[in-house]
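Reader: I am new to structural models and should like to be guided through this one. Could you begin with a term that I shall need?

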Amino acid sequence: MTPTRRTSLILFYLLLISLLPLKITSSPRTQAEALIRWKNSFTSSSSPTSLASWSLTNLSNLCNWTSIACDSSGTVSQINLSNANISGSLTDFNFTAFSTLTRFDLSNNNLEGPILSTIGGLSKLTFLDLSTNFFEDNIPPEVAQLTELQYLNLNNNNLNGTIPYQLSNLQKIRYLDLGSNYLETPDWSKFSSMPLLTHLGLYYNDITFEFPSFILNCRNLTFLDLSLNQLSGQIPEFVFTNLGKLEYLNLTDNLFQGVFPSSVSKLSNLIEIRVANNKFSGSIPEDIGLLSDLQIVELSNNSFVGHIPSSIGQLKKLQSLDLRMNALNSTIPPELGLCTNLTYLALAMNLLSGELPLSLSNLIKITELGLSDNFFSGIIPGDFGKYSPFLSYVSFSNNSFSGELPPELCSGLALEDFTVNGNNFTGSLPACLRNCSKLNRVRLDENHFTGNISDAFGVHPDLDFIALSGNQFVGQISPEWGECKNLSNLQLDRNRISGEIPAELGNLTRLAVLSLDSNELTGKIPSELGKLGMLFKLNLSNNHLTGEIPQSLGNLTKLNYLELSNNNLIGDIPEDLGNCDKLLSLGLSHNDLSGEIPSELGNLFALQYMLDLSSNSFSGTIPQNLGKLTALENLNLSHNNLSGRIPESLSSMISLRFIDFSYNELTGQIPSGRIFRNASENAFVGNSGLCGSAAGLLPCNLASAPGKSTSHTKKIWKRKLGFLQFQVLHCSFLQRSFMVTTFYNSYKTIEGLGDMPRMSFTMFCKGKGRLGEVQSGKYLFRDLRFKILETN
Amino acid sequence: MGIRALFHLLLVLLFSALASTHANTEGDALYALRRAVKDPQGVLKSWDPTLVDPCTWFHVTCDADNRVTRLDLGNGRLSGRLVPELGKLERLQYLEVYMNNLVGPIPKELGGLKSLISLDLYHNNLTGTIPSSLSKLTNLKFLRLNGNRLTGRIPRELTKLGNLKILDVSNNDLCGTIPTSGSLSKFTEESFVNNPRLEGPELMGFVRYDVGGDCK
């Protein structure tokens with residue numbers, strides 16, 4: 001071979017060899033090996049069995065591997081691993097092998113760690129979805145090298161740092177979603193416009209400052225979501241004039257302010273506008289009625305004032321209108337009745353007034369209607385509900401509505417939430433309520449209803465909360481309430497309901513609150529009420545109930561409040577009531593109860609607010625055990641036939657603020673506790689034999705009451721201090737014992753004592769001295785000279 | 001993973017529920033407590049933040065102006081922490097959270113409860129110090145913090161609580177000396193027992209009765 005031929009051969013082989021790497025890096029075999037290497041790096045033990053095909057023994061079948069697709073040359077073009085339950089990261093993914101990849105979907109897995117900058121090697125990529133994983137750290141600017149990218153979704157990860165401005169170099173991008181991360185505000189001025197961008201999501205990040213200016217030039221935008229950030233300032237008017245293709249605009253939960261210009265009408269393609277929870281002000285532009293494609297309008301929780309524009313009646317496609325929590329102060333325009341596609345109308349918490357327009361009855365598709373907390377007045381249109389069979393949520397609460405409820409309000413039988421409390425409604429309840437099997441929450445309280453409730457309601461399996469309080473309802477409590485198995489709150493108080501309490505109420509195992517007070521109920525308290533294991537509040541007061549207090553009430557271990565006062569109850573207080581150890585307040589006053597007060601009541605150690613047994617016929621002595629009620633603030637035993645002494649143990653009831661023992665037959669000395677000594681006359685009046693050092697009482701006979709001399713002794717001790725040469729006291733504090741020898745006014749130096757320090761302190765001492773036994777008590781040693789020895 | 005997405009979804013759902021979550025700060029404050037505790041018995045199950053105010057929530061009592069006056073959560077098997085938001089309940093008279101398994105500190109924000117008559121946090125697992133801000137509770141009559149793991153000194157500022165009738169800080173890990181002036185002078189040893197590092201009543205004058213040792 002000639003030298004030139006050899007050289008050219010060598011050169012040829014060199015060329016061949018140098019060409020090889022290019023083919024090797026992106027060859028099917030390299031890709032297969034890279035995929036297997038990546039699969040082996042997965043951390044989850046549940047390595048998805050669906051990837052069993054990814055195996056070295058299956059290399060030749062690469063294009064049939066699960067989740068893999070190839071292009072015409074047999075190299076991998078797509079990796080679709082969405083929802084594959086993969087745990088791991090991208091650290092061992094060899095991006096350089098996949099320059100042929102066009103689609104890479106890893107959404108909804110458990111991948112973590114950073115997005116590597118080598119991702120820029122996927123030079124043909126058009127679709128990249130890494131959403132809903134745990135990717136962290138910054139978005140690498142190298143993503144911008146994916147110049148073919150049309151779809152980029154990184155939403156719902158833990159990415160942080162600023163958004164790299166290089167992303168705007170992706171000139172082919174149509175869909176960009178970076179939402180639900182921890183991204184921070186970049187310098188928007190470095191962002192070029194992205195003319196092909198139609199979908200932009202930056203929601204739920206930590207973006208601050210003003211509306212990103214580059215968006216104003218993305219004139220093809222149809223979807224823009226900036227919600228849940230801390231953006232502030234005004235919306236640039238260019239948003240309305242430039243983004244004419246916008247269909248979906250979401251700015252909810254930011255700090256935007258300012259007025260909505262009438263140029264909002266330029267967004268003629270708008271379908272949804274959501275700007276709730278910002279600080280927008282001014283009026284809602286009348287021109288909003290020109291946006292004929294609008295389906296959802298959400299302006300709640302801002303500071304909008306003025307009118308609800310009547311032009312809204314032109315929005316034939318409108319489904320949802322939410323204007324809650326603003327300061328709108330007009331009436332409801334009758335044109336609103338023209339929005340026949342409206343399903344959701346929320347106007348609560350504004351300053352709206354006037355009567356409801358009759359046209360509201362034309363909202364045939366309405367499901368949720370909220371008008372509460374406004375200043376509406378007048379009557380609800382008489383046929384409201386007749387043409388609206390889908391009504392499930394209705395709230396008129398806290399207005400000044402009057403008249404009767406429309407009889408066909410619930411005719412669709414779909415009502416779940418029905419609240420009209422706090423108005424001036426009168427008359428009866430609509431007959432259809434009985435058949436509304438989906439009722440969940442009902443508030444009719446604080447109105448002037450006069451209807452008969454005996455059959456107004458039926459069996460409602462989902463009913464959780466019902467309040468009819470504060471009306472003039474008549475009729476009886478139906479036993480059917482006992483079949484409303486999910487009932488947790490039944491309040492019928494302050495009405496004119498008569499008849500007996502049905503025993504069936506005892507079947508309501510979830511009942512937590514039962515308020516039947518201030519009615520005209522008769523008969524006995526059913527013992528079945530003792531089955532109400534979840535009951536924490538039972539109020540039957542102010543009725544005409546007779547019979548005894550059932551023992552079974554002692555089974556109500558969760559009971560906090562028991563109020564049975566102002567009835568005609570007879571018999572004893574059941575001892576078992578002492579088992580209700582969570583009772584905070586017990587009221588049995590103004591009945592005909594008799595017998596002794598059971599000492600078991602002293603076990604109600606949680607009693608705090610009140611123990612009122614007054615105005616009954618209790619006899620015998622006051623149990624000593626009551627002294628254990630150390631949290632009780634209000635004790636009323638007045639107007640009974642109690643005799644004997646008020647037990648000294650009641651001095652332990654250190655929380656007492658109000659006491660009343662008046663009008664009994666109590667005798668003897670009152671307890672020494674401070675509340676007793678400081679009580680007013682009225683606490684003890686009407687007891688001929690009580691004595692003691694309290695207002696209105698005579699002092700008891702001196703005789704041999706040791707207690708008296710005790711305090712006297714103490715005073716002598718302090719006054720005669722000057723005469724003492726020394727006193728030895730045994731004192732203790734916090735379980736340490738001291739022997740204190742005091743030397744007051746004695747300048748005699750006693751050997752070994754030296755110069756005593758002067759101090760003031762308080763200890764608990766008893767001891768012997770020239771005066772005899774000194775009672776134990778608290779002594780304040782002020783400026784004494786003494787010697788302290790700690791003893792064991 | 002989907003936690004952030006779930007939260008986003010939950011927020012969206014909350015806003016589509018037809019009642020406010022923002023207009024009522026007292027409801028928000030109580031709901032912050034609900035989120036901070038574990039509630040195996042469902043004591044707080046009725047606490048629905050979509051309602052216009054918390055006055056129909058169980059164990060919450062309101063006055064005629066729909067402001068919260070009582071919170072009765074004693075003995076509820078609650079674990080978790082107290083939240084600073086509780087300090088916003090300006091008409092609260094009774095804060096009863098005794099006998100639970102609460103951990104963490106007593107939030108200093110409780111000093112904002114200007115109407116408070118009774119603060120019962122006894123028998124929990126609370127740690128940290130007694131906040132000196134409690135001295136702002138001028139209406140306080142009952143302060144029962146016994147049976148916790150509170151540390152540090154008894155704040156001298158508590159002597160300003162002119163209405164205090166009952167004080168119980170026994171069974172804790174308090175240290176230092178006990179202020180004996182002002183309202184604290186009326187309490188006996190029983191209010192302070194079982195605090196092994198508590199040194200005794202404070203001694204005023206020329207010589208300090210100081211056993212030494214740190215107290216923070």
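Author: A residue is buried when its relative accessible area is under 20%, exposed when the area is over 50%, and partly exposed in between (1.4 Å probe, protein chains only). The model is a predicted one, in which local features need pLDDT of at least 70 and side-chain atom pairs count only at pLDDT 80 or more, while totals for chains, interfaces and linings use all residues. Residues are numbered from 1 along each chain as its sequence is written, chains are lettered from A and ligands numbered from 1 in the order in which they are written, and side-chain values use heavy atoms, with hydrogens and water left out.

Reader: Are A:Cys410 and A:Cys432 buried or exposed?

Author: These two cysteines form a disulfide, with sulfur atoms 1.9 Å apart; a disulfide is a pair of cysteine sulfur atoms within 2.5 Å. As for accessibility, both A:Cys410 and A:Cys432 are buried.

Reader: How many residues apart in sequence are the parts that A:Cys410 and A:Cys432 tie together?

Author: Helices (H or I, at least four residues) and strands (E, at least two) are DSSP runs, numbered from the N terminus. The torsion about the S-S bond of A:Cys410 and A:Cys432 is 85°, a right-handed link. A:Cys410 lies in the loop between β29 (400-403) and β30 (417-419) of chain A and A:Cys432 in the loop between β31 (424-427) and β32 (441-443) of chain A, so the separation in sequence of the parts they tie together is 22 residues.

Reader: Is the disulfide of A:Cys63 and A:Cys70 left-handed or right-handed?

Author: The sulfur atoms of A:Cys63 and A:Cys70 are 1.9 Å apart. Both residues are partly exposed, A:Cys63 at a relative accessible area of 32% and A:Cys70 at 22%. The torsion about their S-S bond is about -95°, so the disulfide is left-handed.

Reader: What is the relative accessible area of A:Cys700?

Author: A:Cys700 is joined to A:Cys691 by a disulfide, S to S 1.8 Å. The torsion about this bond is about 100°, so the link is right-handed. A:Cys691 counts as buried because its relative accessibility is 15%, whereas A:Cys700 is partly exposed, its relative accessible area being 23%.

Reader: How many disulfides does the structure hold over all chains?

Author: The pairs A:Cys63 with A:Cys70, A:Cys410 with A:Cys432 and A:Cys691 with A:Cys700 are among them. Over all chains, the number of disulfides is four.

Reader: Which strands are the edge strands of the six-stranded open sheet in chain A?

Author: Two strands pair if DSSP finds at least two bridges between them. The pairing in this sheet is parallel, and its order is β41-β43-β45-β47-β49-β50. An edge strand pairs on one side only, and those that do so in chain A are β41 (570-571) and β50 (689-691).

Reader: Which residue in β43(A) is the bridge partner of A:Gly571?

Author: β41(A) and β43(A), the latter covering residues 592-596, run parallel and are joined by two bridges. In β43(A), the bridge partner of A:Gly571 is A:Leu593.

Reader: What span should helix α2 of chain A have?

Author: The expected span of a helix is 1.5 Å times one less than its number of residues. Helix α2 of chain A (residues 28-40) has 13 residues, and the distance between its end C-alpha atoms agrees with the expected span, which is 18 Å.
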